[in-house]
Amino acid sequence: MIDLIVFLVAAAICLVGAVGVVVARNPVHSALMLVMTLFGIAVHFVAQEAHFLAAVQVIVYAGAIVVMFLFVIMLLGVDVHTKLDLGGLKGQRVAAAAFGVVGLGVLVFLMTRVEDGITSQPAGTPIDPNTPDINQLAHSLFDQYVFAFELTSVLLIIAVIGAVILSRKPRPELEESQGGES
Amino acid sequence: MFAQLTQFESPPVDFFSLTPLFILVGGAVVIMLVTSLSPRPIPGWFSTAVSVAASAGAAVVAMVLWNDVRESGPYSTVSDAIGIDGFSLFFTVLVSLGVIATALVGDAYVRREHIAAPEFHALLLTAATGAIVMASANDLVVMFIGLESLSIGLYILAAMQFRRPHGREAAMKYFVLGAFSSAFLLYGIALVYGTTGSTSLIVIRERTSSLGAMVSPSELLIVGIALLLVGFAFKVAAAPFHFWAPDVYEGSGSPVSGFMASVAKAAAFAGLLRVVVVALGANEGDWAVPLAVLSAISIIVGAVMAITQNDVKRMLAFSSVGHAGYILVGVQAATAEGMSSALFYLFAYTFMVIGSFAVVSVIGWDNGHPIERYEGLAKRRPWLAGAFTVFLLAQAGVPMTAGFVAKFLVIKSAVAEEIYWLAILAMVASVITAFMYLRIVMAMWARDADVDDAPRLAVAPATAFVVAAAVAITLVYGIIPDSLIEFTRDAVPALVAGN
Amino acid sequence: MLVNQFLLLGAFLFCTGVYGVLARRNAVMVLMSIELMLNAVNINLLTFGYLHNAVSGQVFALFIIAVAAAEVAVGLAIILLIYRNRASINVDELDLMRG
């Protein structure tokens with residue numbers, strides 16, 4: 001019973017937040033709605049015994065990623081945005097809504113029919129209710145997924161190079177020396 | 001707590017099989033470290049040299065591994081995350097060659113556009129790492145991170161030409177649509193994981209082929225496969241998910257467009273083949289027909305839209321959509337022959353398209369690519385015009401070129417599976433597209449232009465080398481394709497567990 | 001109804017995100033809608049992991065969070081780049097090119 005109440009409250013937070021993200025006129029409101037959704041999702045993670053992931057969700061997602069969004073929105077200035085996205089987009093909105101509703105219909109039909117019950121042995125590390133989930137995550141991460149873990153570092157190198165090169169101010173004299181002569 | 005720590009044993013790693021990846025990432029790190037730590041400016045050719053050397057090293061190691069695999073069979077390493085088989089090594093070689101060609105063409109390009117050379121080459125190498133990982137992944141998580149490494153690298157490469165407004169817009173479009181399609185792919189992956197209970201392609205193949213061991217309903221897997229197809233169709237630029245391709249190819253720098261059309265497309269096809277065709281091979285009934293339809297739409301869109309363009313780069317972009325359709329003809333046949341024909345096509349197309357974009361990069365020195373500019377090119381630059389003619393005729397599928405053999409093989413594989421409508425459509429459409437390619441050829445050879453921009457069309461030696469090599473490969477494999485066909489026959493994904 | 005409710009929530013979030021990407025023209029908002037889609041995937045992965053009694057779903061979700069962070073960093077850098085040069089980040093105004 002308590003599970004159901006927690007689910008309903010958290011789900012309501014998620015849904016209100018999600019709708020808020022896509023309909024808010026002001027990007028700052030959108031970002032704050034996104035934080036709300038992410039918190040709701042973190043509650044669901046706790047309900048599914050994924051405590052570490054819930055913490056990551058709050059710290060990394062709500063804490064770092066959304067702050068990055070807010071930072072960029074503030075940097076660009078809110079006024080510019082509120083002037084944007086108006087007029088001439090009615091047809092597009094309707095089409096997008098139709099697409100979303102049809103997709104939702106298919107997925108709802110599908111998801112209500114998923115049967116609860118374990119039909120197979122878990123592949124990889126099974127969940128052991130007596131071990132803290134962070135230990136189990138670590139075992140899985142450094143055994144089955146160790147290659148993916150290492151590959152993530154390559155991905156982060158790429159992102160760092162990209163963020164630096166795209167956001168640094170053009171410096172003509174440096175570019176000449178790098179790209180000009182050989 | 002500590003008792004558990006001591007229980008942990010890290011999985012065995014066969015470092016030699018991962019050497020191609022180490023070399024590529026190492027090359028990128030060397031470029032970034034040396035150029036940023038050096039007290040005096042490092043000349044631009046240094047990055048190019050490291051980039052070429054690293055990719056050449058990766059290709060050589062892959063060939064050595066290829067011999068091992070032929071002798072002792074395919075295997076997996078690092079907890080079965082990476083499969084070393086003919087398929088992954090074929091793509092390692094293909095991607096490495098693509099990086100060498102792009103790096104050499106890019107050398108002159110970064111100088112002309114004042115793009116930071118070290119970052120350009122480092123991103124090429126890391127994106128190539130992602131591409132190779134996609135072709136070698138035995139696990140959906142690994143596949144996804146490989147895909148993202150490649151995609152994010154490409155978003156940045158497209159955005160690097162930010163002094164041109166078109167470049168910035170292309171990057172934005174590419175990023176939004178790429179991230180959107182990644183989300184679809186991920187949802188598909190989640191549904192496949194939900195049905196089978198594993199992210200390992202090996203386990204997925206076992207469970208889908210035996211049935212029974214999965215979560216019901218079976219529609220869950222079908223919708224999952226459908227979302228996977230949407231995601232991959234975006235990445236290979238197959239119609240109707242191609243709409244980003246013309247803008248992005250037009251807006252990005254020509255060498256980057258060539259890289260997208262060759263290496264990125266090849267990697268996306270590798271992922272498609274590995275996940276859908278091999279791991280989910282038991283569900284052929286669910287994906288073969290949708291793939292055939294995607295293939296047909298791509299071929300038609302590629303042919304019809306290419307004719308109506310007046311910008312050579314957009315023509316090449318639409319023709320690239322069409323080529324994705326032809327490759328899908330081989331993929332949807334879902335036979336060993338079909339797969340090897342698709343690989344042959346990818347190999348042949350890689351060199352045709354990198355060569356084409358190298359020529360386009362030289363002629364579109366100010367990023368203008370109207371077809372008028374190509375008029376009378378044969379008089380001004382006969383060798384360049386000759387090379388471009390070879391690439392265009394090869395893409396049109398004229399005999400004696402690799403393009404003809406590639407088209408012939410994919411259509412043959414469709415006929416062998418008795419999918420005649422697609423085979424006929426492919427043949428008819430190739431006649432229509434031939435008109436578009438001939439239009440450029442005619443402009444180059446039959447018309448005269450009163451402008452004299454020959455002095456501007458300076459061909460850097462590295463670019464000339466790439467163009468000449470691509471012409472040679474296109475012609476050699478057009479006349480004697482047997483060795484390459486044999487190579488592609490051995491390049492089948494194995495999905496075996498253990499060392 | 002132990003797992004279905006989570007899966008339904010994921011489906012709803014995903015479709016909301018799809019709507020947001022297609023309907024919103026502000027690049028920052030499009031990016032936030034994509035984040036919604038990725039979170040929907042995370043909910044699904046955790047639920048399926050719970051259903052299968054496997055940790056792999058959680059690990060996958062962890063990777064997706066890392067990838068999302070990298071993607072957002074690059075995406076926002078591109079948005080800043082465009083903004084610096086054009087003072088507009090409305091996707092529809094990016095019409096220098098045809099189509």
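1. Angles run from 0 to 180 degrees between N-to-C directions, with axes fitted to C-alpha atoms over the stretch in contact.

2. Bear in mind that this is a predicted model, where local features need pLDDT of at least 70, side-chain atom pairs count only at pLDDT 80 or more, and totals for chains, interfaces and linings use all residues. Residues are numbered from 1 along each chain as its sequence is written, and chains are lettered from A in the order in which they are written.

3. Chain A has eight helices and zero strands (DSSP runs: H or I of at least four residues for helices, E of at least two for strands). Of its 182 residues, 34% are buried (20 or more other C-beta atoms within 10 Å of a residue's own).

4. Now the α1/α2 pair of chain A: the axes of α1 (residues 2-23) and α2 (residues 27-47) come within 7 Å and cross at roughly 155 degrees. α1(A) and α2(A) are therefore roughly antiparallel. Contact residues (C-beta atoms within 7 Å) include F7(A) and I13(A) of α1(A), and M33(A) and F39(A) of α2(A). By class, that contact has 14 nonpolar residues, seven polar and one charged.

5. Over in chain B, α13 (residues 312-333) and α17 (residues 402-416) pack at about 35 degrees, axes 8 Å apart. Among the residues meeting there are Y326(B) and I327(B) from α13(B), and K407(B) and V410(B) from α17(B).

Terms used. Angles under 35 degrees count as roughly parallel, over 145 as roughly antiparallel, 65 to 115 as roughly perpendicular and the rest as oblique. Two residues are in contact if their C-beta atoms, placed from the backbone, lie within 7 Å. Ala, Val, Leu, Ile, Met, Phe, Trp, Tyr, Cys and Pro count as nonpolar, Asp, Glu, Lys and Arg as charged, and the others, Gly among them, as polar. A residue is buried if 20 or more other C-beta atoms lie within 10 Å of its own, exposed if 12 or fewer, and partly exposed in between; C-beta atoms are placed from the backbone.
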